[in-house]
Structures are given as structure tokens and as C-alpha cells.
Amino acid sequence: MTHFTEDALRILRDPHQFSWTTVTLLGLALYVYSGEVERRNWSAVLAGLAFWGMDWINEVVNALVLHFTDRAAIWTTTGDTSYQILIGLNVEISLLFFVAGIVFVKQLPPNPGLRLFGVPNRVLMVLAFSCLCVLVEVVLHAAGVFHWEYWWWNVPNVTLIVLLGYATFFAAAAWVYDMRERSKQLTVVGTLAAIDAALIVTFGPILGWI
């Protein structure tokens, strides 16, 4: 088991790590949603929840990698945090991802069919935001608080991080945002929530693998 994995496991779901800054971050995240609710921008709200739901699936899979390898997850977070939820997810990151989908869809051109530089704008924006997020991860990795162990998910091999680590999140947000029927949006978000709950309960309290 890698040293940074041991560091993360030492604080995993340790309530003694709590800091009051989390309350402020939660308030700011809720403020973002309240603004969209006030404007009745339900598509943005549901897109944000879809983004967040996609991340939880990835985080559970990442934690399962640690369980089955007994060496390291695909990514691991260490350093000061109010609460280490999973091996690669702390409460600060989770709150960031809670609003990231809304931030993203508010930057999308109103016309889904518009091309930018000859590329469908949704594809270009998904890739651009994904690359930006990976750049942030590279900086965090260099700072020693975000860790990669495997060559296929590491610098300089960041292709999978872009495509599977983030593009799926942003694509899901854009997909839900562009849906014309509210019922379909709710179905997708509800399905993601059900999958998340099933994974967390099954591999958490029941099996104790994450």
C-alpha cells in the first residue's frame, strides 16, 4: 500500500477533521442553486445534479480499485480537509462538483447546434472544461495533495483523465440541460441518484469495501 494511501486512510471519515469552513462552502454552494431556483432555471439545476451524480459513480469505482488492489486507488486525496468521504473524495471537492455542472451549462451557447471553430459547441466546451479540470489536478498533484499511482492515469498520460475523469461529467450535464422534456431530465437525474445510493449502500455499510 502506498504511503499516500495510508495517509488518506488515517483520516477517512474521521469527524475530528471537521472545520467550520465547510459550513461556509455549503452555504455558497446552496446559494448557487438558490439563484437558479429563483429564476426557475430547472434545466441548470438538474444539469448540476447530473454532474454531481456522475462523479459519485466514479468515486465509488475509484474506492473499489483500492479494495481489490490493496495498493492504491486510481486517484487519492490527502492534506487538510474537513472530512475525507472516500479515498479520492473530500467534502471540499464534493461541494465544488456540486456546483460545477451549473457553472458549466451557464457557459454553453443557447443554440446546441452552433459550431465553434468548425466543432459542435457542446463537444468543444466539454473538452475545454475537462482539460481545464485536469490542469487543476496536475497542479494539485505537483503540490502533493492529489496522487496518481498508475501510469495509464498519470502525467503525461492524461487522456483517460480527460475522457473518463471529466468529459463524462460535463457531457451528462450538457445532455440533461439540452433535453426538452422535464420528465426525461428528472428520469436521468433520478436514475443516477438511485445508482449512487445503491453503490454507496452496497459497497459501504453492507460490504465495507469503500
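Val123 is placed in helix α5, and in this predicted model its relative accessible area comes to 43%, a value that lies between the 20% below which a residue counts as buried and the 50% above which it counts as exposed, so Val123 is classed as partly exposed. Val123 also belongs to a nonpolar patch on the surface, which it forms together with Leu127, Trp151, Trp152, Leu160, Leu163 and Leu164; taken together, these residues have about 660 Å² of accessible area.

Two helices, α5 (121-143) and α6 (159-178), each contribute at least two residues to that nonpolar patch, and the most is given by α6, with 3 residues.

Turning to the aromatic rings, a search of the whole structure finds 19 aromatic pairs. For Phe203 and Trp209, the ring centres are 5.7 Å apart and the planes meet at 25°; because planes under 30 degrees apart count as stacked when the centres lie within 6.5 Å, this pair of Phe203 and Trp209 is assigned as stacked. The two partners fall into separate classes of accessibility, since Phe203, with a relative accessible area of 17%, is buried, whereas Trp209, with a relative accessible area of 30%, is partly exposed.

Ring pairs also link a set of residues into a cluster, which consists of Phe51, Phe97, Phe104, Phe129, Tyr166, Phe169 and Phe170.

Notes
Residues numbered from 1 in each chain as written. Predicted model: local features only at pLDDT ≥ 70, side-chain atom pairs only at ≥ 80, totals over all residues. Heavy atoms only, no water. Patch = residues over 30% accessible without salt bridge, like charges linked within 9 Å, V, L, I, M, F, W, Y side chains within 5 Å. Areas by Shrake-Rupley, 256 points an atom, 1.4 Å probe, with all protein chains shown as cover. Salt bridge = Lys/Arg side-chain N within 4 Å of Asp/Glu carboxyl O. Helix = DSSP H or I, 4+ residues; strand = E, 2+ residues; numbered from the N terminus. Buried < 20%, exposed > 50% of the residue type's maximum accessible area, 1.4 Å probe, protein only. Phe/Tyr/Trp six-rings, centres within 6.5 Å; stacked < 30°, edge-to-face > 60°.
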